[in-house]
Amino acid sequence: MDLKLDHHSEDNLTIVDVEGEIDVYTAPRLRELLIDLVNKGNFHLLVNMEKVDFLDSTGLGVLVGGLKRVRAHDGSLELVCTQERILKIFRITGLTKVFGIYSSVDEAKETHGRDK
């Protein structure tokens, strides 16, 4: 399975749509996209992982690295994820305390709008 990446901006939020597997082979592409977005001044990112089939430790590292980058600019990196097998990874690693995790893009946008 390959990794499909797309992104668009809505208001003050950049939504990154991810589909496929985030693993040792595909994670560098996600890392490059996140770095590029931050370098272009996008400091509030929402990674939509609804269509992610697999996430390994390399993928987690990319997400944490992205979070560190945006926080250096007082930004945020939040996730949309409802798949139990992916959520379990975040719970086991304690990253549910680090990332805002939402059940839909709309829920995340609504919360983000209140945080402004």
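User: How much of the protein is buried, out of its 116 residues?
Analyst: This is a predicted model, where local features need pLDDT of at least 70, side-chain atom pairs count only at pLDDT 80 or more, and totals for chains, interfaces and linings use all residues. Residues are numbered from 1 along each chain as its sequence is written, and side-chain values use heavy atoms, with hydrogens and water left out. Buried means under 20% relative accessible area, exposed over 50%, and partly exposed in between (1.4 Å probe, protein chains only). On that scale, the buried share of the 116 residues is 43%.

User: What is the radius of gyration of the protein?
Analyst: It is taken over C-alpha atoms, and the globule rule is 2.2 Å times the number of residues to the power 0.38. For 116 residues, that puts a compact globule near 13 Å. The C-alpha atoms fill a box of roughly 35 × 25 × 20 Å along the principal axes. The protein agrees with the globule rule, at 13 Å.

User: How far apart are the end C-alpha atoms of helix 1?
Analyst: The expected span of a helix is 1.5 Å times one less than its number of residues. Helix 1 (residues 27–39) has 13 residues, so it should span 18 Å. The model agrees, with the end C-alpha atoms apart by 18 Å.

User: How wide is the arc that holds the buried residues of helix 1?
Analyst: A27, L30, L33, L34, L37 and V38 are the buried ones in helix 1. Their arc is that of the directions from the helix axis to the C-beta atoms. They line one face of the helix because, seen down the axis, they fall within an arc of 130 degrees.

User: Which exposed residues sit on the face of helix 1 turned away from its buried side?
Analyst: The buried side is covered by elements including strand 1 (3–10), strand 2 (13–22) and helix 2 (57–71). The face turned away carries the exposed E32 and N39.

User: Beyond its neighbours within four places in sequence, which residues does L33 contact?
Analyst: L33 lies in helix 1 and counts as buried because its relative accessibility is 14%. Contact means heavy atoms within 4.5 Å. With those neighbours left aside, the partners of L33 are L5, H7 and V16.

User: Which residues on the other side of helix 3 are exposed?
Analyst: Helix 3 (residues 84–93) buries I86, L87 and F90. These fall within an arc of 100 degrees seen down the axis, so they line one face of the helix. On the other side, the exposed residues are R85 and I92.

User: What kind of aromatic pair do F90 and F99 form?
Analyst: Rings of Phe, Tyr and Trp (its six-membered ring) pair if their centres lie within 6.5 Å; planes under 30 degrees apart count as stacked, over 60 as edge-to-face and the rest as tilted. The count by this rule is 1 aromatic pair. F90 and F99 are 6.0 Å apart centre to centre, with 80 degrees between the planes, making the pair edge-to-face.

Methods: Helix = DSSP H or I, 4+ residues; strand = E, 2+ residues; numbered from the N terminus.
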